[in-house]
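Hi,

Here is the structure I promised to pass on to you. My notes on it follow below, and I hope they are handy when you open it up.

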Amino acid sequence: MTDDLEEQLSQRLHARAAAVTPSPPARSDLDRRIRHRQRRRIAVTGSVAAVALAAGAATALSLRDGGGNGELVSAAHPDEPSAAIILAPTTSLAMPATTAPRAAAVVDATTVPPPPSTAPTTISPTSTTVASSVATTPVVTTAPVATTTVVIAPPPTTTIPTTPPRVRPTACDSPERAAVALPDTATVEHLLVGNWLACDRPSFFGTDDAGLAIGADGHWAKLARTGAGDLVEMDGRDNRGSWKVLDTSSMNGPGHFQINLTSLTGGTRMSSVVLIAPAKLVLNNMGVSGGTYVPANS
Amino acid sequence: MREAGVVPNTDQPGWVARPEPLTFDELYHHAYGPLVRLASLIVDDRHQAQEAVQEVFARLWTRFERVRDPEAYLRASVINECRSLLRRRRVSPRLRIVTETSSTTGPLDDALRTLAPKRRAVVVCRFYLGLSIEETASTLHMNTGTVKSSLRRAQRDLRGALTP
């Protein structure tokens, strides 16, 4: 029954397909569609930029808010509390909203000792994640003082952990001759086994790994460089798993193969396999992600 | 750390360079017809099939240099575009279409139209394109297990629809 159904299905689908005899429309029609897509993309990009700008402006205004009560406080407002000191956020656009503490921007005058004359008052930021220091910000006040300058001290120097400098393998820049035709799955598997260095980062996986190890025992792993510059296989369920080569020549024509890289989490990354002389491996997942690799000993 | 493996020796005898790839225009004229036929089997409407194929070609234009295997990209994109169209049809009655002419209808065609988008795409890949389970999974970005279960359910649905 199943075989009959499959046979019928195949025949019926081919018969229906044969009844469709389209001819490609003129290239000008396609060009028009391409232009329309480009215009749409520009419009979307512009909209996103406008929204981002509006969000930035809203952030700037919110910094003028008196303690986050939802009402905007203007320096020239007649009902403004006489004891409030409001910072004019001249650099607020450069400060991420999440790292700009409102409490540090609005300071109750009762907590600040009376300024002697023009001596600056230093307020330490409540968070050390303030990205930039705001120096000599003008202050508007209705209190009967001459001039007050509030300085937010710069954050303490932080040390960012360093990784070994990234070196692009020289073989990546060797002139390419041609893609090679791959005869069969066994040959492809044989040629793929080894350690491969990523020419670009992010790699085929979209991460900052140094390369890809493909083992003859059917395992794969992302490679990383140690501080000493050695290549090591990365740990983690997303960073290793099993691999398999599929012959896709019936779908894509002779000499086409695909590698499936299944991680220990169960996800599979699929890619076409292209080898370019001299020794270069090109992985490409339908244009979604891709990466060029060269042998690690090159 | 593992040692570096075998270096691919692409200079060895018997390895022949592939022929030059098709240009975009050549690909457009060469692949348009087969892709529309493929799309029309899934969306069941010639005009929407042509729309889908042209949309995919327009998308390919912007990334043609980066796509390594344009034909495979086109095939997968057309199928996925058609699946999206079928999903949109389910929520928007305006997109529902009148079935094709009577010359292409029969009990099996009617049964095919009742299939869910995913199952219909699997059936077309398997029985029209003749792809293996693994190739179907790769084209549709599914697991092989999902393909097998979709295929089994599609056959069950079709048998149920064909049984008087």
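Let me start with the disulfides: this predicted model holds 1 over all chains. The partners are Cys172(A) and Cys199(A), with their sulfur atoms 1.9 Å apart. Cys172(A) sits in the loop between strand E5 (150-152) and strand E6 (178-179) of chain A, while Cys199(A) sits in the loop between strand E7 (194-198) and strand E8 (211-214) of chain A, so the bond ties together parts that are 27 residues apart in sequence. The link is left-handed, with -90 degrees about the S-S bond. Both cysteines, Cys172(A) and Cys199(A), are buried. In chain B, Cys82(B) is buried at a relative accessible area of 0%, and Cys125(B) also counts as buried, at 0% relative accessibility.

Asp200(A) and Arg168(A) meet through their side chains at 2.7 Å, N to O. Asp200(A) lies in the loop between E7 and E8 of chain A and Arg168(A) in the loop between E5 and E6 of chain A, so this pair ties together parts that are 32 residues apart in sequence. Are these two residues buried or partly exposed? Asp200(A) counts as partly exposed because its relative accessibility is 40%, and Arg168(A) is partly exposed too, with a relative accessible area of 33%.

Now to chain B. Chain B has 7 helices and 0 strands, so its elements, read from the N terminus on, run α-α-α-α-α-α-α. Of its 164 residues, 50% count as buried. Among the contacts in chain B with a separation of 6 or more, 63% come from residues 24 or more positions apart. The accessible surface of chain B is about 8,200 Å², and carbon and sulfur atoms account for 50% of that.

Next, the interface. The area buried between chain B and chain A comes to about 6,300 Å², with 61% given by carbon and sulfur atoms. Chain B brings 64 residues to the contact and chain A brings 76 residues. Between the two chains there are 5 salt bridges, and 12 residue pairs are in polar contact across the interface, counting pairs with both residues at pLDDT 80 or more. Which elements of chain B give two or more residues to the side that touches chain A? They are helix H1 (24-43), helix H2 (46-62), helix H3 (70-91), helix H4 (107-113), helix H5 (117-127), helix H6 (133-140) and helix H7 (144-162) of chain B.

The closest N and O atoms of Arg16(A) and Asp44(B) are 2.7 Å apart. Arg16(A) counts as buried at 9% relative accessibility, and Asp44(B) counts as buried at 3%.

Another salt bridge links the side chains of Glu55(B) and Arg40(A), at 3.6 Å from N to O. Glu55(B) is in helix H2 of chain B and Arg40(A) is in helix H2 (residues 27-62) of chain A, so this pair joins two chains. Glu55(B) counts as buried, at 14% relative accessibility, whereas Arg40(A) is partly exposed, with a relative accessible area of 41%. Both residues belong to a network of salt bridges that links Arg33(A), Arg37(A), Arg40(A), Glu51(B) and Glu55(B).

His256(A) counts as buried because its relative accessibility is 18%, under the 20% cut-off. The side chain of His256(A) makes a polar contact of 3.5 Å with the side chain of Asp69(B). A polar atom of the His256(A) side chain also lies 3.4 Å from the backbone oxygen of Pro254(A). Leaving aside neighbours within four places in sequence, His256(A) is in contact with Leu246(A), Asp247(A), Thr248(A), Ser249(A) and Asp69(B).

Key. Residues numbered from 1 in each chain as written. Chains lettered and ligands numbered in written order. Predicted model: local features only at pLDDT ≥ 70, side-chain atom pairs only at ≥ 80, totals over all residues. Heavy atoms only, no water. Buried < 20%, exposed > 50% of the residue type's maximum accessible area, 1.4 Å probe, protein only. Polar contact = N/O pair within 3.5 Å; in protein donor to acceptor, adjacent residues only side chain to side chain. Contact = heavy atoms within 4.5 Å. Disulfide = S-S within 2.5 Å. Helix = DSSP H or I, 4+ residues; strand = E, 2+ residues; numbered from the N terminus. Areas by Shrake-Rupley, 256 points an atom, 1.4 Å probe, with all protein chains shown as cover. Buried area = accessible area lost by both parts, 1.4 Å probe. Salt bridge = Lys/Arg side-chain N within 4 Å of Asp/Glu carboxyl O.
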